[in-house]
Amino acid sequence: MGLLALLVRLTVRGVVRWWSPVLVLAGTVLMGASLDFMPVGAVLYLAAFRPVITGGQNRLRAVPSGA
């Protein structure tokens, strides 16, 4: 639920699109239904967090830790 809450906050701020929290929710529901869907859930998580990882561009960037 924490990942979902963080993605909703990023969506409200306009950092990620509306489908990122939806993909995390779908991946969580699938993995909760059966562990056979874990690879599918992992792909959904990766797709949901791609804008966060790449910074909205098609290249990787360093994410500051805040320390």
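Predicted model: local features only at pLDDT ≥ 70, side-chain atom pairs only at ≥ 80, totals over all residues.
The accessible surface of the chain amounts to about 5,000 Å², and 69% of that surface belongs to carbon and sulfur atoms. Residues are numbered from 1 along each chain as its sequence is written, and side-chain values use heavy atoms, with hydrogens and water left out.

Of the 67 residues in the chain, 18% are buried. Here buried means under 20% relative accessible area, exposed means over 50%, and partly exposed lies in between (1.4 Å probe, protein chains only). The secondary structure consists of three helices and zero strands, and along the sequence the pattern reads α-α-α. Helices (H or I, at least four residues) and strands (E, at least two) are DSSP runs, numbered from the N terminus. Among the contacts in the chain with a separation of 6 or more, 31% join residues 24 or more positions apart; contact means heavy atoms within 4.5 Å.

The description of the helix pairs may begin with α1 and α2. Their axes are 8 Å apart and the packing angle is about 165 degrees, which means that α1 is roughly antiparallel to α2. Axes are lines fitted to C-alpha atoms, for helices over the stretch in contact, and angles run from 0 to 180 degrees between N-to-C directions. Angles under 35 degrees count as roughly parallel, over 145 as roughly antiparallel, 65 to 115 as roughly perpendicular, and the rest as oblique. The crossing of α1 past α2 is left-handed, a term used if the near helix is turned anticlockwise from the far one by less than a right angle, with right-handed used if clockwise. On the α1 side, L3, L4, L7, V8 and T11 take part, and they meet S20, P21, V24 and L25 in α2. By class, this contact of α1 with α2 comprises seven nonpolar, two polar and no charged residues. Ala, Val, Leu, Ile, Met, Phe, Trp, Tyr, Cys and Pro count as nonpolar, Asp, Glu, Lys and Arg as charged, and the others, Gly among them, as polar.

The next pair is α2 and α3. Helix α2 spans residues 19-33 and helix α3 spans residues 38-54; their axes come within 8 Å and cross at roughly 165 degrees. For that reason α2 is roughly antiparallel to α3. This crossing of α2 and α3 is left-handed. The residues of α2 that meet α3 include W19, L23, L30 and M31, and their counterparts in α3 include M38, L44, Y45 and F49. The contact of α2 with α3 has 14 nonpolar, four polar and no charged residues.

Helices α1 and α3 form the remaining pair to be described. Helix α1 covers residues 2-13, and its axis lies 12 Å from that of α3, at an angle of about 40 degrees. Accordingly, α1 is oblique to α3. The crossing of α1 and α3 is left-handed. L3, L7 and L10 in α1 meet Y45, F49 and V52 in α3, and this contact is made up of six nonpolar, no polar and no charged residues.

S20 lies in helix α2 and counts as buried because its relative accessible area is 0%. Apart from neighbours within four places in sequence, S20 is in contact with L7, A48 and P51. S20 and Y45 stand 25 residues apart in sequence, with their C-alpha atoms 8.4 Å apart in space.

F37 is placed in the loop between α2 and α3. Because its relative accessible area is 36%, F37 is partly exposed. Leaving out neighbours within four places in sequence, F37 is in contact with L30 and M31. The C-alpha atoms of F37 and G27 are 8.4 Å apart, although ten residues separate them along the chain.

R50 belongs to helix α3 and is partly exposed because its relative accessible area is 47%. From C-alpha to C-alpha, R50 and V16 are 9.3 Å apart, while in sequence they are 34 residues apart.

Terms used. Areas by Shrake-Rupley, 256 points an atom, 1.4 Å probe, with all protein chains shown as cover.
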